[in-house]
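Hi everyone, thanks for making time this morning. I'd like to walk you through one structure, so let me put it on the screen.

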Amino acid sequence: MTLIRIQTLMSNELSKRIFLSRPPEPPPEILFNDPTNSIFVGTTKIFKVPFTWTFSNITNPHISVVGITGAGKSFFVKTFLARASYIWNTNAIIIDWAGEYISWVKQSGGKIVALSKGDYLNIMDLSGIKPIDRAKQIMNSLDILTDIAQYPEQRRLTSEAIEQAYLNMGFPLASPPPPGKEPPTLKDVTKLLEEKLQEGTYAYPAELENTIYRLRQFSREGEDYFANKSTIDIGKLTSSGLVDLDLSSLPDERFRAMAALFILQTLKEKMRLESWSSSAGLKTLVVLDEAWKVASDERSDAVTIIREGRKYSFGLIVASQNPTDVNEAIFSNVGTTFMLRIRFEKFMNYLQGSLNFSDFIRSEISKLGVGEAAIDMAFNTGVRFPNVFLVNKIVGELPLDTYSIFTSDILTEKELSDTSVKKDYSFDKMSLTSILIESGYSSDAISIILNSLNEKGRHVDIREFAKTALSTGINRQYLIGFLRSIGLNDTIISRIMSYLS
Ligand SMILES: Nc1ncnc2c1ncn2[C@@H]1O[C@H](COP(=O)(O)OP(=O)(O)O)[C@@H](O)[C@H]1O
Ligand SMILES: [Mg+2]
């Protein structure tokens, strides 16, 4: 007992001394790089050094971003993509789960590709890959998204039928695809299995029926997004500027995940053919935002791409509100992790366990405001300084005319993870003004409110907004009217009001 206590004491002393004798941030020459060849993010918290991101001194260009809803993950991603495009001419492909990047991509002059509106991806497309390898990838996606791995016989039947479909279309399994030939689709695969069932010679017809049933989920009329001739060339998108692959109108999570897995497989194959060159900048950034199924599974190519690290001239950005939904291999292999506001202990434990930061950093992370971050970088110089440091609010470009009021800091864990609860209310100046007028505010009161919002960077906590609105001397009822008309429910409104009394 005594011995242990002495040891704890000593190691506490030791860690204090390490903190005193070592600088708490990486040195300025690591943080601040040539501005024409790096991306400005923000100013460090302790020594106020401008931090510019470059992959030249880290293990790879891949990035993970975590933080609660409303913490500023997507805002950071947009800022980062815009600057990368400006500095390195980087292309970007956003695998847009919820369609939340559409309006920004449109504003930035990018291209929207909406799967499901008459656009198809044939998951049997080869893009130069040998049929046998593509067959394995399709089986891999089915393993991740369906229960097929539990039924070895059905798995074997599926895999065999996929290979047979390639052979029938004239593709030798183990060679690169001959040019000019049309690949089969999942419909051809299903048909082969149906024919086998009709022959009536197969010993386990029930197995066969279940196999067909599972594949039909992805080839049924109207839901055959992945079972028709492709109308989109994923390979080409890696050099098309800014592209938003909108998955939001696919019928469910399984379809979105199927699309994301296929896209990552294709990108991985394409990128393997191109070699990494650190002087040429980043060729392409691929964004996976809130794609938990794809980020969590060990077998997903998100994990493969990140593990293979530097080989590619492109970076993968994985953003998630729930760090435990991101495979640990991603945290331990990405070159950079941006940790934004985190509110839950279990998430903090997971991050601290994977990234190994101090309790000092842990307590700082729990105090972060919207847009503020702790950054972990895997420097490839022998690290003699801490690899996690803090930055003040990430400096991005909120459009001048936009005001945004966020509620995330007063929501419960349950409300935060409920996608039907809005966390952020954004308005342009005109619409904010007109809602305030309708709620009974005078023009004097409105200009006091707008001025105060401007001073605060046009992005405020709802409690702060409410305080300002009351400070104009106007009745609480008007404020409540305003909060109702922007769509807040009474439970949340009374929570806001309770902060004011
Ligand atoms: N660094 C920042 N500076 C200014 N506004 C920010 C910043 N980060 C986030 N915001 C604003 O906060 C809101 C929520 O940010 P968002 O990126 O959508 O959060 P998340 O993706 O983590 O849920 C948005 O209105 C965004 O404009
Ligand atoms: Mg987001």
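I'll start with the domains, then turn to the ligand, and finish with a pair of helices.

A word on the source: this is a predicted model, where local features need pLDDT of at least 70, side-chain atom pairs count only at pLDDT 80 or more, and totals for chains, interfaces and linings use all residues. Residues are numbered from 1 along each chain as its sequence is written, and chains are lettered from A and ligands numbered from 1 in the order in which they are written.

The chain is assigned domain 1 (24-118 + 238-391), domain 2 (131-216) and domain 3 (402-498), with bounds from an automatic or database domain assignment. The centres of domain 1 and domain 2, taken over C-alpha atoms, are 35 Å apart. Between these two, nine residues of domain 1 are in contact with six of domain 2; contact means C-beta atoms, placed from the backbone, within 7 Å.

Now, where does ligand 1 lie? Domain 1 and domain 3 both give residues to its shell, so ligand 1 lies between them. The shell has 19 residues, with G72, K73, S74, F75 and G371 the closest; a residue counts if its C-beta atom, placed from the backbone, lies within 6 Å. Helix 3 contributes the most, three residues. Helices here are DSSP runs of H or I, at least four residues, numbered from the N terminus.

Last, helix 5 (residues 131-145) and helix 6 (residues 152-168): their axes, lines fitted to C-alpha atoms over the stretch in contact, come within 10 Å and cross at roughly 145°, on a scale from 0 to 180 degrees between N-to-C directions. In helix 5, P131, A135, I138, M139 and L142 meet T158, S159, I162, E163 and Y166 of helix 6.

Key:
Helix = DSSP H or I, 4+ residues; strand = E, 2+ residues; numbered from the N terminus.
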